[in-house]
Amino acid sequence: MFPFSQQAAQSETLTFFTQEEIKTGGVENIQALLEKKVKELDNTELNIAVTGQTGAGKSTLINAMRGLRSEDEGAAAVGNMETTMEPTGYSHPTLLNVRYWDLPGIGSTRFTAGSYLTKMQFKKYDYLIIVSACRFRENDANLAKEIMRLGKKFYFVRSKIDADLDSMRHQRKTFDKDAEMGNIRSDCVSQLGKAGIPDPNVFLISSFMKNMYDFPRLMEALEYEEPCLCPGPSQTQCGDYKEER
């Protein structure tokens, strides 16, 4: 009998390599097999869709995650009017296998709530980010429900938090930023819970202040935390990807 840790390691190895690879490779060729597997993982394309209500700041968020301003070459178009008319892909500047997809906003005259979920084909993407602004809306719940129905994972991003806090600061005699952020976060978690989403990942961010609020935590989560950037719809697969890498 192997000690538990050795048994677990043996099990992970059997998952990592096929039986045929183990038979033909052998221990002496384990380094070559490992290098082959790591290369396969590194070359796996990861498609992350950014969706949400029209005007919520989806394109601005994509630019911020890519380290670009709206006037930079290759940046996603932004504006006060609807600018994204069809799904548009943007590569990550350093993670070359990662591609962000800027989806049109739900709730416009062009993409009504009734037709949006069918047209956007969420099942094509490995991972999704829902962007919401100002307040939680019915369309936010509808998006979350559809993503969960498809067995996908997502982050819920409440954008423009700087504007929300600034408005509250001017309306109240006493203002506690941390308390207000806690209230907003709790409301998002509560509303998603009512939509049947247990333990949602919620981030309060400003795309113009990347060193403040939850933006650093969002970027860290996208790179390192579960659900991680990995192929496949399930959190289990994400964990497997991290262990294999």
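Which residues of the largest nonpolar core touch the most other members? They are Leu103, Tyr116, Phe122, Ile130, Phe154, Phe156 and Leu192, out of 28 residues in that core. Keep in mind as you look that this is a predicted model. Several elements give two or more residues to this core: helix 5 (113-120), helix 6 (138-149), helix 7 (161-171) and helix 8 (177-194), together with strand 4, strand 5 and strand 6. There is also a second, separate core of 25 residues, and Met65, Tyr90, Ala133 and Tyr155 are among its members.

Setting aside its neighbours within four places in sequence, Tyr116 is in contact with Thr51, Gly52, Leu103, Pro104, Gly105, Ile106, Phe111, Phe122 and Leu143.

Now step back for the whole picture. The protein has 10 helices and 6 strands. Of its 245 residues, 41% count as buried. Its accessible surface comes to about 13,700 Å², and carbon and sulfur atoms account for 49% of that. If you take the contacts between residues at least 6 apart in sequence, 60% of them join residues at least 24 apart.

Strands of a sheet pair through backbone hydrogen bonds, and the pairing can be parallel or antiparallel.

Strand 2 and strand 3 pair in the antiparallel sense over 4 bridges, and they form a hairpin with 6 residues between them. Within this pair, Gly89 stands opposite Trp101 in strand 3. On its other pairing, strand 3 (residues 98-102) runs parallel to strand 1 (residues 46-52), with 5 bridges joining them. There, the bridge partner of Ile48 is Tyr100.

What about the two faces of strand 3? In a regular strand the side chains alternate between the two faces of the sheet. In strand 3, Val98, Tyr100 and Asp102 make up a covered face, while Arg99 and Trp101 make up an uncovered one.

Moving along the sheet, we reach strand 4 (residues 127-133) and strand 5 (residues 154-159), which pair in the parallel sense over 6 bridges. Val131 stands opposite Val157 in strand 5, and Ala133 has Ser159 as its bridge partner. Leu128 has its place in strand 4 and is buried, with a relative accessible area of 0%. Apart from neighbours within four places in sequence, Leu128 is in contact with Ala49, Phe122, Ile147, Lys152, Lys153, Phe154 and Tyr155. Leu128 and Trp101 are 27 residues apart in sequence, and their C-alpha atoms are 9.1 Å apart in space.

How many of the residues of strand 5 are buried? The count is 6 of 6. Both of its faces are covered, with Phe154, Phe156 and Arg158 on one side and Tyr155, Val157 and Ser159 on the other.

Beyond residues up to four places away in sequence, Arg158 touches Ser132, Ala133, Cys134, Arg135, Asp164, Ile184, Cys188, Phe203, Leu204 and Ile205.

Our last stop is helix 4 (residues 58-65), which is mostly covered: 7 of its 8 residues are buried. The buried ones are Lys58, Ser59, Leu61, Ile62, Asn63, Ala64 and Met65, and Met65 is also part of the second core. Just after helix 4, Gly67 takes a positive phi of about 75 degrees.

Note on methods:
Residues numbered from 1 in each chain as written. Predicted model: local features only at pLDDT ≥ 70, side-chain atom pairs only at ≥ 80, totals over all residues. Heavy atoms only, no water. Pairing = 2+ DSSP bridges. Contact = heavy atoms within 4.5 Å. Core = buried A, V, L, I, M, F, W, Y, C linked by side-chain atoms within 4.5 Å. Buried < 20%, exposed > 50% of the residue type's maximum accessible area, 1.4 Å probe, protein only. Areas by Shrake-Rupley, 256 points an atom, 1.4 Å probe, with all protein chains shown as cover.
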